[in-house]
Amino acid sequence: MQQKTKKRLPPFLQMQESTGLKMSRHEPSHQKQSGRLDNQAKLLLLVNAVFIAAGALSGTFVNVYLWKVKSQFAPIAWFTFAAHLAGALTFWLAGWYVKHLNKMNVLRAGMAVSALFYLLVLLAGPKAVSYAVPLGLVQGMANGFFWLSFNVVYFEITNADNRDLFNGWAGLLASIGGMLAPWISGLLITRLPGNSGYSLIFGISLALFVVGVFISFFLKKRQSEGTYSWSFSLRCLREEREWRWAAGALAGQGLREGVFGFVIGLLVYISTRSEMTLGNYWLTTSAVGLVSYFLIAKWFAPRYRKWGMLAGAVIMWGILLVFFWQVSFTTLLIFGIAVSIAYPLYSVPMLSTIFDLIGTNEESARNRVEYVVLREFALDVGRLVGILIFLLVTSLSVSPHTLNWLILCIGIGPLIAWACMTKLFRHVPAAKKADN
């Protein structure tokens, strides 16, 4: 789909007509068709690990910090809502720069603005809760810059043969960061007097983002091509059936992520009133996730995507029933361990399949920036809807019974995502090739 829309067959039918063509023809020309990761892919994994570790060090505790000032869900939910809204708009607006100029500058901008966010939190101190929405906008802008550029570069340096491997390793490294960083944060916060522990971890996150900017200069500048289409997402959803299913799946994923991204950590803190226990919680669950991602990276293949994703989605939703028995640190830990086992099964097939869809043919690969923007739009629509539902329900009642039913309903998002993805597993070339 170029700037001027023209009638054409769906991507998977174009592939069937192009007899003898391999996926590599439709990926960016500099990619190597290999099941291994080259040095640039490994360097991108390192940048990703630093970004996630810096966020994990302080991200969970930003919400706790806001809760301790004002023990209400609403400010934290509005902070998260503002972050996702700003992230979606940043993806759309920065897409032009990524496609026409230097996408690596956008990656660095994401880490630089993340550093700015933690500097603002440090300056605001306990008054940060009064600026929850503006701070959320800054964090959303930072995430938008980073993940837009990261996802485009990720698509360019991987191919259908090694995307599951890259995603498995990315998840493994994220689990290591998610395991150690919150535990260190909890230890520092509980050992240091007053709010000085929070100030220290926010400062360390700021420094890590600066280190990430430095590392990013070792990534090669990548050639941009084509003209950015501002209305691409709407035209794509109108004309491409496969992307309507993909968007539905992503919105289902976002429905859960928007709320669970902040509410689980808060429930652990509310149940225990201990930052150290919260750090131990993420240490335990991330350690389980590390093992799960390692196994996925080592053994998972495209032919397992459909049923692997279903198993992950069923476990992630079914384990929520434990909260109807009791909401305590024990049940939250059971939930966290189950999700850590199941999430890689659910997320790796979905992520790899959607990026394989972007590389289905030469035309779609040329519009990879617009497709990444569309992917983020769909995710953020789900996230924003989930948070708005949460805000509406909790404005009426915050009783444990109400929260349990609310979480159960919002938690069905992964099953919605799987139902939509089944329409894609039959048509995306990587999965088809593996089944033959």
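Is R241 buried, exposed or partly exposed? At 43% relative accessibility, R241 is partly exposed; buried means under 20% relative accessible area, exposed over 50%, and partly exposed in between (1.4 Å probe, protein chains only).

This is a predicted model, in which local features need pLDDT of at least 70, side-chain atom pairs count only at pLDDT 80 or more, and totals for chains, interfaces and linings use all residues. Residues are numbered from 1 along each chain as its sequence is written, and side-chain values use heavy atoms, with hydrogens and water left out.

**View 1. Salt bridge between R241 and E242.** A salt bridge is a side-chain nitrogen of Lys or Arg within 4 Å of a carboxyl oxygen of Asp or Glu. By this rule the model has eight salt bridges. In the R241 and E242 pair, the N to O distance is 3.8 Å. E242 has a relative accessible area of 4% and is therefore buried, whereas R241 is partly exposed.

**View 2. Salt bridge between E376 and R383.** The closest N and O atoms of this pair lie 3.2 Å apart. E376 and R383 are both buried.

**View 3. Salt bridge between D380 and R383 within helix α14.** Here the closest N and O atoms are 2.9 Å apart. Both residues belong to helix α14, which spans residues 368-396; helices (H or I, at least four residues) are DSSP runs, numbered from the N terminus. D380 and R383 are three residues apart, about one turn of the helix, and both are buried. Through salt bridges that share partners, E257, E376, D380 and R383 form one network.

Technical notes: Helix = DSSP H or I, 4+ residues; strand = E, 2+ residues; numbered from the N terminus.
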